[in-house]
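Me: I'm new to reading helix packing. Could you walk me through it with an example?

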Amino acid sequence: MDQDDERLDRLDELLQALPVENEPMTVSELDGFVTGLLACPEMIPPSDWLSQVWGVTGDAQFPDLATAQETIGAVMAHYNDVAARITQSLWVEPIYEIDTNSDETLWEPWVDGFTRAMALRPKAWEALLERADDETRETMIFIMALQDIYIGNSKFSDEEIDQIDEEAPDLIPNCVATILHQSRPELVGAIPANLPGQPFKSAPRPGRNDPCPCGSGRKYKQCCGKN
């Protein structure tokens, strides 16, 4: 187990130790949340968002100072890690949950976290939506449509939702990259483009049902795609 895995496992333990009745964030929700914070056109200080990680009441009810310091430190370390990745490449690798019964990738908690971050600065996001190019505007609308699917407010048919559910895990990183090019333009000049004049694209990730590129013989979602 590498240091990143150990760090995330400890973060998961610390979040699960919070009062369950407050519905604290999971690691996947937190990952989407901090990505949304960092993608926002307006800087959001920790004092405005940290309490949301603890749950609906905003009260973590830490049993002692040491636990409080470790938990807050772990959350901020993950925030800084995502920030470093975005600064280096304008690309994220979302942390998705896996359904232990069906082995399916669950993108919904990540999107819920991202849209909760958007809700902290609605005017900033509305202003971005108004000035954005067509691709970014469609991308932002798609992210919000994913949230509507999650909360049961979608107007898509069941067949369309099934198709979106299959494709969403692979589409979300590209959505974030597209938004970052508009919301954080100060980072774009520091990132080498793949091709002159072309939007940033990462190498395509295998589909969830494709053979895993590691050569294990298993499907990607059942192997390296779990991480």
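Me: Is the crossing of α5 and α8 left-handed or right-handed?

Reply: This is a predicted model, and in it α5 and α8 make a left-handed crossing. Helix α5 covers residues 108-118 and α8 covers residues 158-183; their axes lie 11 Å apart, at an angle of about 30°. Angles under 35 degrees count as roughly parallel, so that is what we call α5 relative to α8.

Me: Which residues of α5 and α8 make the contact?

Reply: From α5 you get E108, W110, V111 and F114, and from α8 it's D165, I172, V176 and I179. Sort them by class and there are six nonpolar residues, two charged ones and no polar ones.

Me: Why might contact residues on a helix come three or four places apart?

Reply: There are 3.6 residues to each turn of an α-helix, so residues with that spacing point the same way. Now look at the α5 and α8 contact again: W110 and F114 are both on the α5 side, while I172, V176 and I179 are among those on the α8 side.

Me: Is T35 buried or exposed?

Reply: Buried means under 20% relative accessible area, so T35, at 1%, qualifies. T35 belongs to helix α2, residues 27-39. Skipping neighbours within four places in sequence, T35 touches V82, V92, W110, F114 and V176.

Me: Which helix residues are buried in α7?

Reply: T139 is one of them, along with T136, M140, I143, A145, L146, Q147 and I149. The cover over them includes α5, α6 and α8. Helix α7 has 18 residues, 134-151, and its span of 26 Å is close to the 26 Å expected. Just past α7, G152 has a positive phi of about 85°.

Me: At what angle do α1 and α4 cross?

Reply: Roughly 135°, with the axes of α1 (residues 3-16) and α4 (residues 65-89) coming within 10 Å. That angle makes α1 oblique to α4, and the crossing is left-handed. Among the residues in contact are L8, L11 and L15 of α1, and A74, H78 and D81 of α4. By class, this contact has six nonpolar, two polar and six charged residues.

Note on methods. Residues numbered from 1 in each chain as written. Predicted model: local features only at pLDDT ≥ 70, side-chain atom pairs only at ≥ 80, totals over all residues. Heavy atoms only, no water. Axes fitted to C-alpha atoms, helices over the stretch in contact; angles between N-to-C directions. Helix = DSSP H or I, 4+ residues; strand = E, 2+ residues; numbered from the N terminus. Parallel < 35°, antiparallel > 145°, perpendicular 65-115°, else oblique. Left-handed = near helix turned anticlockwise from the far one by under 90°. Contact = heavy atoms within 4.5 Å. Nonpolar A, V, L, I, M, F, W, Y, C, P; charged D, E, K, R; others polar. Buried < 20%, exposed > 50% of the residue type's maximum accessible area, 1.4 Å probe, protein only. Expected span 1.5 Å × (residues − 1).
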